[in-house]
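Colleague: Could you take me through this structure feature by feature, giving the general idea each time and then the case at hand?

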Amino acid sequence: MESDIASGSIIPLRHLIAGTGPNINQHVNLYYLQYWSLTHFLFHYSEREFAGAARELAKLGGSVADFERLIGPIDEIQTLWYSYFLEMIDRSKRVEVSIGF
């Protein structure tokens, strides 16, 4: 994860949530991928453990403080999300191979 952050392959969640990451106009695909995967993670991880809190977070506007209060410490959630993200990528590759891409 640290090497992906250092290389700019992922935006640290704190920066993603706070809106302090790299210029979105120059990195729109990266933002899309991360926002989508974070949303999927929050609504589907571990029997939807964070789904209710994610709904409440969205109602409140999604600040860093509210994220940490409702979901948990960003550094811990980032580690869980990153593992989930890598698993999604791996699953995607297995599907591509099984259907012949």
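**Reading rings, a helix and a buried alanine**

Modeller: Tyr45 is partly exposed, with a relative accessible area of 21%, a value taken, like the others here, from a predicted model.

Colleague: Which residue does Tyr45 form an aromatic pair with, and is that pair stacked or tilted?

Modeller: Ring planes under 30 degrees apart count as stacked, and those over 60 as edge-to-face, with the rest called tilted. Tyr45 pairs with Phe50, at 5.9 Å centre to centre and with 10 degrees between the planes, so by that cut-off the pair is stacked. Phe50 itself is buried, at a relative accessible area of 6%, and Phe41, Tyr45, Phe50 and Tyr84 form one aromatic cluster.

Colleague: How many aromatic pairs does the structure hold?

Modeller: There are eight aromatic pairs, one of which joins Tyr31 and Tyr35, whose rings lie 5.9 Å apart, centre to centre, with 35 degrees between their planes, a tilted arrangement. Both tyrosines belong to helix α3, which spans residues 28-44, and they are four residues apart, about one turn of the helix. Tyr31 is buried, with a relative accessible area of 5%, whereas Tyr35 is partly exposed at 37%.

Colleague: Which residues of α3 are buried, and where do they sit around the axis?

Modeller: In α3 the buried residues are Leu30, Tyr31, Gln34, Ser37, Leu38, Phe41 and Leu42. Because they cover an arc of only 145 degrees around the axis, they lie on the same side of α3. The face turned away from that buried side carries the exposed residues Asn29 and Tyr32.

Colleague: What span does α3 reach, and what follows the helix?

Modeller: With 17 residues, α3 reaches 24 Å from its first C-alpha to its last, which is close to the 24 Å expected at 1.5 Å a residue. The helix is followed by Ser46, whose phi is positive, near 45 degrees.

Colleague: Is Ala51 buried or exposed, and which residues is Ala51 in contact with, leaving aside its neighbours within four places in sequence?

Modeller: Burial is read from the relative accessible area, and under 20% counts as buried. Ala51, found in helix α4 (residues 51-60), has a relative accessible area of 7%, and is therefore buried. With those sequence neighbours set aside, Ala51 is in contact with Leu42 and Phe43. Thr39, twelve residues from Ala51 in sequence, is 9.2 Å away in space, C-alpha to C-alpha.

Definitions and conventions: Residues numbered from 1 in each chain as written. Predicted model: local features only at pLDDT ≥ 70, side-chain atom pairs only at ≥ 80, totals over all residues. Heavy atoms only, no water. Helix = DSSP H or I, 4+ residues; strand = E, 2+ residues; numbered from the N terminus. Buried < 20%, exposed > 50% of the residue type's maximum accessible area, 1.4 Å probe, protein only. Contact = heavy atoms within 4.5 Å. Phe/Tyr/Trp six-rings, centres within 6.5 Å; stacked < 30°, edge-to-face > 60°. Expected span 1.5 Å × (residues − 1). Arc of directions from axis to C-beta.
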